[in-house]
Amino acid sequence: MEDDGFLIETEVKQSAIPGGGKGRFFSRDCESGKIIRIQDMTTDLKVYKTVAEIVAENKDLVLNFAHTRCKDSDIETDYVYVNKVPFFTNHSSSNNISFRIRTGKKLTYATRDVKAGEEMLQNYEEYTPVAWFENYLHANDKVSLREFGSKFNMLSGSTKPQNQ
């Protein structure tokens, strides 16, 4: 395995979701609760604390792939994060992975038993609102992952997986 923080074997290929781009898939069965990726919050994620930092660096990357702190967290921040090694996951209210932050580590874990070949899907609604970031996105005709997940789940009333 490459040095990407994954503790299990995965494969990145075309998402099963129409228009979803690339997706990450489980290569083997995985039990509920199993930690599948560990990331250091300071070295494995790029941290943005202000709009000025976003504008000075990679605006397009942040506009399309940034996320805020997950709700299951032992830290309180209004920062924005981008994975240095892309995750390649799409949204579903029937997610099979989730995140928690503990003592400076972002842990990704399976939320249910998963079969080999299943695409990794997260629920974007699990991110916290960060007003300065969401205002910046709105000014650029974008929405946050959290807002996308919330809007999709509300409008669709379904659990069909979707991408942003």
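How does the lining of the second largest cavity divide by class into nonpolar, polar and charged residues? In this predicted model, local features need pLDDT of at least 70 and side-chain atom pairs count only at pLDDT 80 or more, while totals for chains, interfaces and linings use all residues. Residues are numbered from 1 along each chain as its sequence is written, and side-chain values use heavy atoms, with hydrogens and water left out.

The lining in question has four nonpolar, four polar and two charged residues, where Ala, Val, Leu, Ile, Met, Phe, Trp, Tyr, Cys and Pro count as nonpolar, Asp, Glu, Lys and Arg as charged, and the others, Gly among them, as polar. A cavity is a set of points, on a 1 Å grid over the protein atoms alone, where a 1.4 Å probe fits but cannot get out, and its lining residues have an atom within 4 Å of a point; the volume is the space filled by probe spheres set on the points, which are joined across faces, edges and corners. The second largest cavity holds about 40 Å³ of space, and its lining includes His67, Tyr127, Glu134 and Arg146. Helix 3 and helix 4 (145-156) are the elements that give two or more residues to this lining, helices being DSSP runs of H or I with at least four residues and strands runs of E with at least two, numbered from the N terminus.

The largest cavity has a volume of about 40 Å³ and is lined by 11 residues, with Leu63, Ala66, Val143, Ser144 and Leu145 nearest its centre. Helix 2 contributes the most to this lining, with four residues, and the lining as a whole comprises eight nonpolar, three polar and no charged residues.

An open sheet of three strands has the order 3-8-7 with antiparallel pairing, two strands being paired if DSSP finds at least two bridges between them. Strand 3 (35-40) and strand 7 (97-102) stand at the edges with a single partner strand each, so one side of each is left without a neighbour in the sheet. Strand 3 pairs with strand 8 (residues 105-110) over five bridges, and isoleucine 35 has tyrosine 109 as its bridge partner in strand 8. Elsewhere, five bridges join strand 1 (residues 10-14) to strand 2 in the antiparallel sense, with glutamate 11 opposite phenylalanine 25. Of the five residues of strand 2 (residues 22-26), four are buried, that is, under 20% relative accessible area, against over 50% for exposed and in between for partly exposed (1.4 Å probe, protein chains only).

Key:
1 Å grid on protein atoms, 1.4 Å probe; cavity = no way out; pocket = protein on both sides within 12 Å on 5 of 7 lines; lining within 4 Å.
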